[in-house]
Amino acid sequence: MTSAIENPLDQAARDVLLGNDRGGYTIPTARLYPYQWNWDSMFSAWGYGTFDMARAWQEVDLLFSSQWDTGMVPHIIFHNPDPDYFPGPGVWGATQTPPTSGISQPPVAATLILKLYEMDPKAGLPHLKTLYPKLVAWHAWWMRERCKDGPVAIIHPWESGRDNCPDWDIGMEGVQINEDDPYTRRDTGHVNADERPLKWDYDRYLAILAFGRSVHWNDRAMYEDGPFLMADPGITFVLLRAFSDLIEIGRILGEDTADLSAQHDQLREGASKLWNAEKGWFDAYDLRTGQSANVLGSGAFLAYFAGVSRPALDAHFARIWDKVAFGVPSADPESERFDPRRYWRGPTWPVVNSLIAMGLTDMGRNEAETRLRNETAALIEAGGFWEYYDPMDGTPCGGASFGWTAAIWLTWCG
Ligand code: 2M8
């Protein structure tokens, strides 16, 4: 939408999305991530919705056309093999056409699909109708295959979307690496290695991946016998919110949503298992050992996105935000693990901020929402559309011309 007082960054943001368009799907950024990623794609669709609704729905429809028979919607769709990214489809042992990874990613789809529909109900209705059963099947997959203990469990850190955040350290320590399986990373050839996960992380990412490939990504085998299994506050709250939005979609379509409501309530109950009373925050835990991570990360604050809050959590939210110039840091600035430029171990991620902000708005916490929006906008105004930023001084990090950052400029903070 153009207006006489348009900010020049609006067109720049549209240009980022259009520049990352590979014909029906949008890559997060050239070279570093040359494929269609699940939640990136949903944010891109939301961004397109501000200026090209048909293109927005095309993005979503294409993502869901790679849904597995199990209901799982994969985290990467490898439309065109590209040597710039490792691990590619061969390493995943992909057998689909187009090939896909064997894990999923935070299910923001129902929430953003509802937003797209609300932006233009007439254009959205046919898509809503075809996507609804697919969303129902995907949510049922999460509940059936990943929520056996209550909250959502992830079988690989990549499934969380917050890849190397400190939440997963205890689970990763137990993963046996395979010394006889050499590999060459590509990511560190595209961006500063100091801003990426360590070799220590990649050795373990690849070992878990090798296990998944060996069992052909069978969900039960991965849950029961895989090298890594941790309860994730981030996805739990994203899914909880997504259930509310899916119920609303069902209501718009005149569907019976009783079963969805039951699943929502069950997950809400499950989420309470994440509460670490000693620490006063929602905490990851290792399902193999029962051990708590004792780590505060941005996943805990996605509780707000799901309309969940507790006084002790609010106190931590205020505390960590006061320690940085730009909220919300992905890890606790007062923890010794905090690393302000290393990927998910400290930096602020505009895309996560946009989700937390949605929750703050819904809870009527308008002052906090405005502060978060202004701080996120300031990062983008000063640095451009980067993957993430140092929360202490605002230095842009990771990949440039990043799709989801452009999208949230158009939809939220711009
Ligand atoms: C990052 O993850 C990928 C693996 O999925 C990677 O580092 O290779 C994460 O930030 C993830 O949340 C994101 O979806 C993806 C693409 O932007 O990059």
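1. Which strands form the open sheet, and in what order? The order is β3-β4-β7, in an open sheet of 3 strands with antiparallel pairing. Strands are DSSP runs of E with at least two residues, numbered from the N terminus. Two strands pair if DSSP finds at least two bridges between them.

2. A word on the source. This is a predicted model, where local features need pLDDT of at least 70 and side-chain atom pairs count only at pLDDT 80 or more, while totals for chains, interfaces and linings use all residues. Residues are numbered from 1 along each chain as its sequence is written, and side-chain values use heavy atoms, with hydrogens and water left out.

3. Back to the sheet. β3 pairs with β4 (residues 230-231) in the antiparallel sense over 2 bridges. Ile154 stands opposite Met230 in β4.

4. Consider the side-chain N or O atoms facing ligand oxygen. For Asp40 the distance is 2.6 Å. For Arg196 it is 3.0 Å. For Trp344 it is 3.1 Å. The protein covers 100% of the 420 Å² of accessible area that the ligand has on its own (Shrake-Rupley method, 1.4 Å probe).

Terms used:
Polar contact = N/O pair within 3.5 Å; in protein donor to acceptor, adjacent residues only side chain to side chain. Helix = DSSP H or I, 4+ residues; strand = E, 2+ residues; numbered from the N terminus.
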